[in-house]
Amino acid sequence: MAVQARGKVTVDVEECKGCGLCVESCPPKCLELGSELNAYGAHPAHYTGQDCTGCGICFYCCPEPGAITVYRVKAKAKAVAPVAAQEGEHAAAL
Ligand code: SF4
Ligand code: SF4
């Protein structure tokens, strides 16, 4: 059964070195390396577009500052967790 994503990520393809650490560490396996090359000649990571939980593991394992941004979706009818952000805004702690 499909569940609503609780997060999403964006990758700055020109900051990504294509190391794949985020791909390997993502629990729901919703990241992948793309087929295109960036300016470094690397295959940058991409979000597949579904199943992100907003856990932030990819952010913490990425060696390139600024390559990954994690967004957490605000839960309906619940208080916002301290590190969560409004939908569409960057979570302050990540
Ligand atoms: S925040 Fe968590 S679930 Fe989302 S892409 Fe990163 S590791 Fe995967
Ligand atoms: S961990 Fe960072 S540098 Fe490595 S593939 Fe993922 S986004 Fe790119």
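Modeller: A residue is near a molecule if its C-beta atom, placed from the backbone, lies within 6 Å of it. This is a predicted model, in which local features need pLDDT of at least 70 and side-chain atom pairs count only at pLDDT 80 or more, while totals for chains, interfaces and linings use all residues. Residues are numbered from 1 along each chain as its sequence is written, and chains are lettered from A and ligands numbered from 1 in the order in which they are written.

Colleague: Which residues come nearest to ligand 2?

Modeller: The shell around ligand 2 divides into eleven nonpolar, two polar and two charged residues. Nonpolar covers Ala, Val, Leu, Ile, Met, Phe, Trp, Tyr, Cys and Pro, charged covers Asp, Glu, Lys and Arg, and the others, Gly among them, are polar. Of the 15 residues around ligand 2, those that come nearest are Cys16, Cys19, Leu21, Cys22 and Cys62.

Colleague: With which residues is valine 9 in contact, leaving aside its neighbours within four places in sequence?

Modeller: Two residues are in contact if their C-beta atoms, placed from the backbone, lie within 7 Å. Leaving aside neighbours within four places in sequence, the contacts of valine 9 are Tyr47, Cys52, Cys58, Ile68, Thr69 and Val70.

Colleague: Over which residues does pLDDT stay under 50?

Modeller: pLDDT is the predictor's confidence in each residue, from 0 to 100. The protein chain has a mean pLDDT of 85, with 78% of its residues at 70 or more. Where pLDDT is low, the predicted coordinates should not be read in detail. The stretch with pLDDT under 50 is residues 83–90.

Colleague: What pattern does the protein chain follow along the sequence?

Modeller: Helices (H or I, at least four residues) and strands (E, at least two) are DSSP runs, numbered from the N terminus. The protein chain has two helices and four strands. Read along the sequence, their pattern is β-α-β-β-α-β.
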